[in-house]
Amino acid sequence: MDQIFPIAAVALIGSLSALFLKREVKELSLLLSIVTSVILLSLVTAGALEILSLLRQLAETAEISDALLAPMLKVLGIEVVTNLVANICRDAGEGGVASAVELTGAICALYTSIPVIQAVLILIEELL
């Protein structure tokens, strides 16, 4: 909870600075948005690692194999990166590229989740 204040401060300062710069130098505004995003990601890394640790503990308790947990975590990572990149593309005025990034991310996430889908199909076959 104590990390929310630095995160909010960086986000607010970065977004307001980018907003003011956008009127004068759009390229610098975009660069500031990217730098702000990287700083924010680095600030939440510790929390993300704690969440991953908790998910691993829950998976061990529920006896979920790493073969199923790893693809789910990869899909989550793909979606986070895809969302960030698509929003940066939109900020740059490249809506078409943003759409392509989102589509590519969705395809990568689906491909990555194939082991989970196969495990569900095996489970359904066993139940029938």
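1. The axes of helix H4 (residues 66-91) and helix H5 (residues 95-112) come within 8 Å of each other and cross at roughly 175 degrees, so H4 is roughly antiparallel to H5. Helices here are DSSP runs of H or I with at least four residues, numbered from the N terminus; axes are lines fitted to C-alpha atoms over the stretch in contact, with angles from 0 to 180 degrees between N-to-C directions, and angles over 145 degrees count as roughly antiparallel.

2. This is a predicted model, in which local features need pLDDT of at least 70 and side-chain atom pairs count only at pLDDT 80 or more, while totals for chains, interfaces and linings use all residues. Residues are numbered from 1 along each chain as its sequence is written, and side-chain values use heavy atoms, with hydrogens and water left out.

3. With contact taken as heavy atoms within 4.5 Å, the H4 residues that meet H5 include Pro-71, Ile-78, Val-85 and Arg-90, and among their H5 counterparts are Val-97, Val-101, Glu-102 and Ala-109.

4. Arg-90 forms a salt bridge with Glu-102, the closest N and O atoms being 2.7 Å apart, where the term requires a side-chain nitrogen of Lys or Arg within 4 Å of a carboxyl oxygen of Asp or Glu. The pair links Arg-90 in helix H4 to Glu-102 in helix H5, 12 residues apart, and the count by this rule comes to one salt bridge.

5. Arg-90 is partly exposed, with a relative accessible area of 37%, and Glu-102 is partly exposed at 35%, given that buried means under 20%, exposed over 50% and partly exposed in between (1.4 Å probe, protein chains only).

Methods
Helices (H or I, at least four residues) and strands (E, at least two) are DSSP runs, numbered from the N terminus. Angles under 35 degrees count as roughly parallel, over 145 as roughly antiparallel, 65 to 115 as roughly perpendicular and the rest as oblique.
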